[in-house]
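Here is a short report on ring contacts and backbone features. Look over the sequence and model first.

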Amino acid sequence: MIISAKKVPKYEPSMEFVERKGKGHPDTICDGISEKLSVALSKYYLEKTGRILHHNVDKAILVGGQARAWFGGGEVIEPIYLMLVGRAIGRLDKEDTVPIGRLAVTAAKSYIKENLRYLDTESHLIVDYRIKQGSIDLVKNFEAGNDIPLANDTSFGVGFYPMTDAEKLALETEKFINSEEGKKIFPQVGEDIKVMALRHEKEIKLTIAAAMISKLIKNKEDYLEIKRQLSIKVLELSSEITKMKVDLVINGADKPEKDIFYLTVTGTSAENGDDGQVGRGNRANGLITPFRPMSLEATAGKNPISHTGKLYSVLAMDIAKKLVEENKHISNANVYMLSQIGSPITEPQSVYVEASADISDEAVSSYAEGIVKESLQEAPKLWLKILEGNVSLY
């Protein structure tokens, strides 16, 4: 294992783009359902065998339906189609077949019921699945890691800390709009929220796409008033997060003079032609940040025991946070981790740390090495937090 660290200038670019896709966005729906299925499989395996067995259900595609929405009402004409794809142990012995189909359909409907108030799981959604047995070599590699799991893949995870004002603003804005409090204030706003923050120097432009629930809005005047009130609330929230000037645009494609509004029946654009896929949305920290170190690795749905694409994404974030929060001399940190398939997850090929600090390179390296080694020892227990839902994955 190679652990190296380098002192770098503080992260202060003149411009940032930051995106956050909310829980009702088609991509996030795919992430959420895939992860829910992984957790369901893990718990089933634990109950039946005492351990989590090999699985990776990290592929899913959502095909948008067709709907017509109008002020005061609407209808779904063609349901959303969801296909769950992956690999999983399907038979425990000659007598015990794992009910993968039931688990898949239940996971999908459960996510929808928990997160989208107006999407009916019986009439608005079709759930399909194609989940097969994993390859012999990967299954055996998985089973070989009795004490310390062996890496299921050669993959990398990255993380950084802390977040900038633009990153916090994108994240917290979506979380507020989709929170219980947000929905009490604005029940007419659906769950498909996309927030894009553009920061240039000391100014932030925030663009929000918010699917509106058609049956809860009387007319265009009502719609525009809801947008106005939502703008006021978001700008209030912004003032608590940043001192920078914030400009806000909500549903920028609206054209009231042409009767064009972002109306939906179900609160998600998935009802009318917008499609989704696992891994196209938020990274493990909940954001899409092209100015930062990023991985294309999808964390949702991967097994929580040995898939380093998942585990290292979480660990890299945790290590970066520890470096900054536990050492007053370090103000920013980036962490990059690379696994080797077949090696213990506690022994990555390489861990590389970049830190903004007011101490020497040697001191940064020494401190980073200690934090990395300490964090890696916790890797075999990370699955417990994942199953409890206490880890950010998308």
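## Terms and source

Buried means under 20% relative accessible area, exposed means over 50%, and partly exposed lies in between (1.4 Å probe, protein chains only). The model is predicted: local features need pLDDT of at least 70, side-chain atom pairs count only at pLDDT 80 or more, and totals for chains, interfaces and linings use all residues. Residues are numbered from 1 along each chain as its sequence is written, and side-chain values use heavy atoms, with hydrogens and water left out.

## Backbone features

E201 has a positive phi, near 55°, though it is not glycine. E201 is partly exposed, with a relative accessible area of 44%. N251 also has a positive phi, near 50°. N251 is buried, at 5% relative accessibility.

The peptide bond from Y161 to P162 is cis, with omega near 0°. Most residues other than glycine have a negative phi, and most peptide bonds are trans.

## Aromatic rings

The whole structure holds five aromatic pairs. Rings of Phe, Tyr and Trp (its six-membered ring) pair if their centres lie within 6.5 Å; planes under 30 degrees apart are stacked, over 60 edge-to-face, and the rest tilted. The centres of F17 and F291 are 5.0 Å apart and their planes are at 75°, so this pair is edge-to-face. F17 is partly exposed at 38%, and F291 is partly exposed at 35%.

Ring pairs also join F71, Y223 and F261 into a cluster.
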